[in-house]
Amino acid sequence: KVEELRCKAMEVLEKAEEASDHRVMLAAIDRASKQLELLAKLMGEISDAPQINLHLRPEFVAVRTAIV
């Protein structure tokens with residue numbers, strides 16, 4: 001389904017390019033971009049999960065310094 005929606009958005013983009021309808025072109029590009037992002041999330045290529053970089057935390061630096 002997601003791939004079908006992406007293909008439809010790309011079809012609209014192609015038709016808008018042919019007609020030089022910039023408003024529709026931008027809307028189609030936006031929609032295709034959102035569909036691509038959704039597809040990447042569903043495939044596990046990108047994640048919305050928070051990311052914690054422990055090596056940047058002052059507590060970790062203090063413990064690492066004490067050990068080294």
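Some housekeeping before the structure. Residues are numbered from 1 along each chain as its sequence is written, and side-chain values use heavy atoms, with hydrogens and water left out. Since the model is predicted, local features need pLDDT of at least 70 and side-chain atom pairs count only at pLDDT 80 or more, while totals for chains, interfaces and linings use all residues.

Overall shape, then. The protein chain has three helices and zero strands, and from the N terminus on its elements run α-α-α. Its radius of gyration is 21 Å, well over the 11 Å that the globule rule gives for 68 residues, so the chain is more spread out than a compact globule. That radius is taken over C-alpha atoms, and the rule is 2.2 Å times the number of residues to the power 0.38. Helices here are DSSP runs of H or I with at least four residues, strands are runs of E with at least two, and both are numbered from the N terminus. Along the principal axes, the C-alpha trace spans about 65 × 25 × 15 Å.

How much of the chain is buried? Buried residues make up 13% of the 68. Buried means under 20% relative accessible area, exposed means over 50%, and partly exposed is in between, with a 1.4 Å probe and protein chains only. The chain exposes about 5,900 Å², and carbon and sulfur atoms supply 60% of that. The areas come from the Shrake-Rupley method with a 1.4 Å probe; for residues, only the protein chains shown count as cover.

Now the charges. There are 10 positive and 12 negative side chains, and the centres of the two sets lie 5 Å apart. Lys and Arg count as positive, Asp and Glu as negative, and His and the chain ends are not counted. Each charge is placed at NZ of Lys, CZ of Arg, CG of Asp or CD of Glu.

The structure holds four salt bridges, meaning a side-chain nitrogen of Lys or Arg within 4 Å of a carboxyl oxygen of Asp or Glu. I will go through some of them.

One of them joins K34 and D30, at 3.3 Å from N to O. Why can these two meet? They are four residues apart in helix α2, residues 22–42, and so are separated by about one helical turn. K34 is partly exposed at 43% relative accessibility, and D30 is partly exposed at 39%.

Next, K41. Its closest N and O atoms with E37 are 3.4 Å apart, and this pair, too, is four residues apart in helix α2, about one helical turn. K41 also forms a salt bridge with D48, at 3.1 Å. K41 is partly exposed at 30% and E37 is partly exposed at 39%, whereas D48 is exposed at 62%.

Last, the patches, which are made of residues with over 30% relative accessible area and no salt bridge; like charges are joined within 9 Å, and nonpolar side chains (Val, Leu, Ile, Met, Phe, Trp, Tyr) within 5 Å. E11, E14, E17 and E18 form a negative patch. E14 lies in helix α1, residues 2–19, and is partly exposed at 47%.

Which residues form the nonpolar patch? L38, L42 and M43 do, with about 320 Å² of accessible area together. L42 sits in helix α2 and is exposed, at 59%.
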